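Dear colleague,

I am handing over the structure below, and my notes on what was found in it follow directly after it. Please read them with the model open beside you.

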Amino acid sequence: MNQKPNMREMKPFIWIRLILTVLCLTLCFLLGAPPAARADEIVVSAAASLTDVLKDIGKAYQSKTKHKILLTLGPSNFLARQIDEGAPADMFFSADLAQMDLLEKNGRLEPGTRKNLLSNQLVIVIPADSKLAIASPKDLLKPEVKKIALADPAAVPVGVYTSTYLADEGLWEKLKSKVVPVLDVRATLASVESANVEAGFVYKTDAVISNKVKIVFQVPIEKRPKITYPIAIVRESKKKEAARDFMNYLLSPTGKSVFKKYGFVVID
């Protein structure tokens, strides 16, 4: 004769089995999800001149990984100051060495991660429909050139590069009264596009993305100062592993090919 199971006697075994199952599932989940699989949001503080190329590279990178790229774009000096004051950032991509030197001096960079990655070229642009005859920086002395847009020549990298170049050519003191200081290289481009100024100095990579301006003069690359874009991971970053992964992608042949497509000179 079959006996019915005693439910009271079975209850402890049911609970024990349930607890063991939960523990097993939890352990399997933890073992099956290594840190590398975790999705992180990587905050990249980068010079305004890198806007388009980093958006392109970031989109391609995100399609291959779970990580997300959040770009903070602007003048390199402003971004460096923010990082130095403790603003959240995982990577810094500057348009000059001075800003990176400042952060390194103040212990804000992860040791061993700083690399010089890119170079660029200064150009003079005027509105696409302008009839001005500008063939060299000396032509900016003409009376019909009343305003020249330039990112702050005392602080913003493209402005510092330009003022140094013009000083070497003996033109800065003669032209600085015409200079209209603006926020950054993209603000310079916008000023020329809208014809609020007769001319402006920008990077070649910025000029070629606009059909509202035309390049009338390219500063020879051999002329000083040499334009250098360094990159580094921020020491206070909480996502160093993810930041390293994105940095490796930027330094890879795939990343470098995109920089070249946008007109940057890759420093090998």
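**The sheet and its helices**

Strand β5, which covers residues 122–127, runs antiparallel to β9, and the two are joined by 5 bridges. Within this pairing, Val123 stands opposite Gln218 of β9. Please keep in mind that this is a predicted model.

Both strands belong to an open sheet of 5 strands, which follow one another in the order β7-β6-β8-β5-β9 with mixed pairing. The edges are taken by β7 (179–182) and β9 (213–218), each of which has a single partner strand, so that one side of each is left without a neighbour in the sheet. From one strand to the next, the twist averages 35°.

Helix α5, made up of residues 157–168, packs on this sheet and touches β5, β6 (148–151), β8 (199–203) and β9, while its direction makes about 115° with that of β8. Helix α7, residues 185–193, lies across β5, β6, β7, β8 and β9, and runs at about 145° to β8.

**The nonpolar cores**

The largest nonpolar core holds 63 residues, of which Leu50, Met91, Phe93 and Phe259 touch the most other members. Helix α9 (residues 240–251) gives the most to this core, contributing 6 residues. Another core, of 10 residues, lies apart from it and includes Ala80, Phe92, Leu109 and Val234.

To return to Phe93, its contacts, leaving aside residues up to four places away in sequence, include Ser45, Leu50, Leu54, Leu117, Tyr229, Pro230, Leu250 and Phe259.

With kind regards

Terms used:
Residues numbered from 1 in each chain as written. Predicted model: local features only at pLDDT ≥ 70, side-chain atom pairs only at ≥ 80, totals over all residues. Heavy atoms only, no water. Core = buried A, V, L, I, M, F, W, Y, C linked by side-chain atoms within 4.5 Å. Buried < 20%, exposed > 50% of the residue type's maximum accessible area, 1.4 Å probe, protein only. Helix = DSSP H or I, 4+ residues; strand = E, 2+ residues; numbered from the N terminus. Contact = heavy atoms within 4.5 Å. Pairing = 2+ DSSP bridges. Axes fitted to C-alpha atoms, helices over the stretch in contact; angles between N-to-C directions.
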